[in-house]
Each structure stands twice: as structure tokens, then as C-alpha cells.
Amino acid sequence: MAAPGENLKINGERLWDSLMEMAKIGPGVAGGNNRQTLTDADAEGRALFKSWCDDAGLTMGVDTMGSMFMTRPGTDPEALPVYVGSHLDTQPTGGKYDGVLGVLGALEAVRSMNDLGIKTKHPICVVNWTNEEGARFAPAMLASGVFAGELSLDYAYARTDLEGKTFGAELERIGWKGEEEVGARKMHAYYELHIEQGPILESEGKEIGVVTHCQGLWWLEFTLTGKEAHTGSTPMAMRVNAGLAMARILEMVQEVAMAAQPGAVGGVGQMQFAPNSRNVLPGKVVFTVDIRSPDQAKLDGMRAEIEQRAADICAEIGVDCAVEPVGHFDPVTFTPELVENVRSAAERLGYSHMNLISGAGHDACWAAKVAPATMVMCPCVDGLSHNEAEEITPDWATAGAEVLFHAVLETAEIVE
């Protein structure tokens with residue numbers, strides 16, 4: 001089959017307008033978005049996306065995890081669909097593009113197929129996965145993890161937010177619990193467009209990241225239990241200070257990650273003190289260590305060292321230490337044929353490009369367990385993401401969506 005012609009273009013202005021319209025839902029306090037999963041804002045964003053898909057002639061299916069599957073038919077009723085998408089949920093202080101570009105870029109690809117009268121052998125299915133971020137309900141990539149059979153539906157429904165609300169109850173509340181069995185759909189292939197969420201593409205002056213691998217990760221939730229005591233009247237030698245143990249563990253995580261260079265990262269982004277009073281030593285501290293590497297042995301070695309050294313640190317201070325893995329996936333190697341489709345699309349369209357390993361986890365990591373999969377990335381300003389100041393340019397958005405468009409057409413097979 002001939003490759004799509006370089007004259008096939010998307011409507012970049014329409015894509016950008018859609019991004020800006022979606023950004024009006026769940027506005028943040030500093031120019032970004034707070035559209036956390038299964039909130040009223042999430043429900044409103046879903047409804048807007050559905051209205052656009054209805055206008056594009058797509059047929060909706062929703063599974064029991066609330067993931068939305070919007071299908072454009074192919075000419076062969078026996079051909080499996082090419083899935084393409086990402087997520088509409090955001091961090092509490094998230095940007096306007098993380099995830100959203102992938103969903104609306106996929107929709108724009110379908111709109112452009114309609115405009116150009118393009119028919120494909122394989123159906124195209126645009127996906128909005130539920131709870132990719134994991135900010136409200138850990139772990140991240142929850143719905144795609146259930147879809148891939150890596151997590152159970154009961155486990156997902158039982159996840160709780162900081163207020164004790166469960167995922168299952170909140171999905172019911174916002175009215176987006178579907179009836180389809182999760183994972184029953186079969187994929188011919190899966191593509192995902194995303195902003196890089198790192199500084200490499202911009203610093204190298206490249207418009208497209210051809211994603212070959214994704215780092216594996218462990219999220220390790222530590223619960224340290226000491227003894228609440230007055231900060232002023234408790235002698236230093238008699239303290240059982242969970243906060244001190246946490247501080248030493250944070251420093252140790254930095255040491256472990258630095259010793260594992262290159263190709264490893266580690267840090268802590270969330271912690272809770274109890275009772276969280278300025279003049280009371282914390283009796284309990286809960287925090288999550290996030291470690292990542294594209295090297296399986298290095299990733300697992302970091303986990304083992306961190307858990308052992310944390311236990312030693314706590315034992316020295318007299319603090320109890322419990323660790324629970326709350327998120328994990330192994331490093332992913334994306335499908336070479338699809339990777340090459342992305343690379344050739346970038347070359348055909350004249351966009352500068354380079355190979356890239358994704359530092360962040362994405363739904364594509366779970367999709368790759370059940371189907372051929374890969375990703376397309378575009379730069380973001382200063383590599384900033386998970387931040388309301390996250391920014392991309394209209395040209396970057398257009399380039400990424402056009403490469404996605406061509407790669408999807410290559411796989412879905414244009415019917416003359």
C-alpha cells in the first residue's frame with residue numbers, strides 16, 4: 001500500500017481552537033486546568049468531547065471503567081480498529097495539553113479524514129482513558145491497566161481519594177459508568193500523541209519525538225509511624241520522630257538515583273504529616289517514592305536498595321516503617337513497525353525529529369501489553385508539565401497531530 005501523500009494535512013487552527021475550548025472546563029488558578037478524574041469538571045469535559053465526536057459521525061462505546069471509545073467505521077467489517085487517544089483528566093494544578101492534545105489530536109485526525117473524504121480499511125477508534133493521571137485515585141493509568149488485564153476491576157473500584165471517596169462510587173455519581181466489559185475490545189494497533197513533559201526536544205531543536213521506549217516505574221508508598229510529642233518540651237534524645245526518618249529517606253532516595261546514573265530518576269512529590277501542627281512532632285508520615293528507569297534490572301535494584309536502607313534508617317530512630325507498592329509497570333519497548341511509521345511520517349512531512357525514551361508513564365504503556373503500540377511526542381516550553389504554566393506552540397501541536405494522522409493512516413490502510 002502506498003504511504004499517505006505529504007499533501008494530506010490536518011486543520012491546525014481547528015485543533016488549537018478545540019484545545020482552548022476544552023481548557024475552559026475546570027480552569028486552574030494560574031492559567032492551567034484542574035479537571036481531576038471523576039469530578040464534575042471531568043464529566044463536563046467528557047460531554048463536550050462527546051458532542052464533538054457526535055458531530056464527526058463517531059459512534060460511542062463506554063466501558064465499566066468509564067473509558068470512552070469513539071469509532072469511525074472502516075470499509076472492512078472484519079478488520080480490527082486502530083485505536084488512538086490519551087486522556088482528558090488533569091493534575092490538580094495541571095496544564096492545558098498533557099493528555100488533552102492526544103485525545104483532541106486524534107479527533108482532529110478523524111475530522112480531517114472526513115474533510116478529505118478518506119476511507120480506511122480498518123476502523124479508527126478515538127479513546128479517552130479514565131484516570132490516567134492517578135492524582136486523585138492512585139495508581140496512574142488505572143483504566144488502561146484494567147483494560148490490559150494488569151489490574152482488577154474490583155481493585156480499581158476500591159481506590160480512594162484523600163477524602164475517602166471510592167473510584168467506583170464517583171464513577172457512578174458523575175454518570176459515566178458504561179456497560180462494556182473492560183478489555184473485551186481487540187486492537188489492531190494503538191497510537192498516542194503527547195507532549196514530551198521534558199526538555200529534550202526543545203533543547204535539541206526537534207519538532208517530533210519518535211518514541212522507542214518508555215521507562216518503567218515503581219511508586220512506593222511509605223507509612224512511617226513514630227510518636228506525637230511536643231516540639232518544645234520533648235528532649236531530643238527521647239523523640240521518635242517520623243519526620244526526621246522521612247527527611248533521611250528523601251536524601252537517601254536522591255543518593256540511590258544519582259548512583260544509578262545514567263538512565264534513572266527518583267524523588268518524592270507527595271507527603272502527608274499527621275497531625276500536621278507546627279508544634280507537634282509528627283506521629284505519622286505518609287509519602288510516595290517515585291523511581292523510574294528504562295532498565296529493568298536497574299529499576300528493581302533501586303527499589304530493593306531503597307526499601308532496605310529505609311528500614312535501617314527507621315530502625316535507628318525507632319520509627320515503624322511500612323511500604324506498599326501503589327503503582328508499577330515494567331519498561332516498555334514499542335513496536336518497531338509502528339515506530340518506523342512515525343519516523344517516516346515525520347520525514348515525509350518535513351518535520352525535524354529524533355528518537356526519544358518517554359520519561360513519563362502513559363496509557364500506551366499498558367496498551368502495548370495487548371496490541372502493537374507506539375507514541376508521538378512534541379516539545380513543551382522548558383520541558384515543563386504537571387504545572388499550570390505548561391505551554392506548547394500551535395505549530396508544535398499541528399506537527400504532532402499531522403505525524404499522528406499520517407502514521408494512523410499508514411496502519412489503517414487508505415482505501416482508494
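This is a predicted model: local features need pLDDT of at least 70, side-chain atom pairs count only at pLDDT 80 or more; totals for chains, interfaces and linings use all residues.

1. Four strands form an open sheet in the order 10-12-8-13, and their pairing is antiparallel. Strand 10 (265–274) and strand 13 (320–329) are the edge strands; each has a single partner strand, so one side of each is left without a neighbour in the sheet. From one strand to the next, the twist averages 15°.

2. Pairing of strands 8 and 13. Strand 8, which comprises residues 216–225, pairs with strand 13 in the antiparallel sense over 9 bridges. Within this pairing, W219 stands opposite G327 of strand 13.

3. Helices on the sheet. Helix 8 (residues 242–259) packs on the sheet and touches strand 8, strand 10 and strand 12 (284–293). The direction of helix 8 makes about 170° with that of strand 10. Helix 9 (residues 296–317) also packs on the sheet, where it touches strand 8, strand 10, strand 12 and strand 13. The direction of helix 9 makes about 10° with that of strand 8.

4. Annotated site. In the unreviewed UniProt entry, the annotation "binding site" covers H87, D98 and H194. These residues span 108 residues in sequence, yet no two of their C-alpha atoms are more than 9.8 Å apart, so they gather at one spot.

5. Surroundings of H87. H87 is placed in the loop between strand 3 (82–86) and helix 3 (100–116). Its relative accessibility is 0%, and H87 therefore counts as buried, the limit being under 20%. Leaving aside neighbours within four places in sequence, H87 is in contact with several residues, including D98, H194, N128, W129, E132, E133 and D363. A polar atom of the H87 side chain lies 3.0 Å from the backbone oxygen of D89.

6. Is H194 buried or exposed? H194 belongs to strand 6 (residues 189–195) and is buried, with a relative accessible area of 1%. Its contacts, leaving aside neighbours within four places in sequence, include H87 and D98, as well as S86, H362, M375 and C378.

7. Links within the site. The side chain of H194 makes a polar contact with the side chain of D98, at 3.0 Å. H87 is in contact with both D98 and H194. A reader inspecting the annotated residues may wish to view these contacts together.

Methods. Residues are numbered from 1 along each chain as its sequence is written. Side-chain values use heavy atoms; hydrogens and water are left out. Two strands pair if DSSP finds at least two bridges between them. Helices (H or I, at least four residues) and strands (E, at least two) are DSSP runs, numbered from the N terminus. Axes are lines fitted to C-alpha atoms, for helices over the stretch in contact, and angles run from 0 to 180 degrees between N-to-C directions. Contact means heavy atoms within 4.5 Å. UniProt positions are given in the numbering used here, feature names are shortened, and annotations may be inferred rather than shown by experiment. Buried means under 20% relative accessible area, exposed over 50%, partly exposed in between (1.4 Å probe, protein chains only). A polar contact is a pair of N or O atoms within 3.5 Å; within protein, one must be able to donate a hydrogen and the other to accept it, and residues adjacent in sequence count only if both atoms are side-chain atoms.
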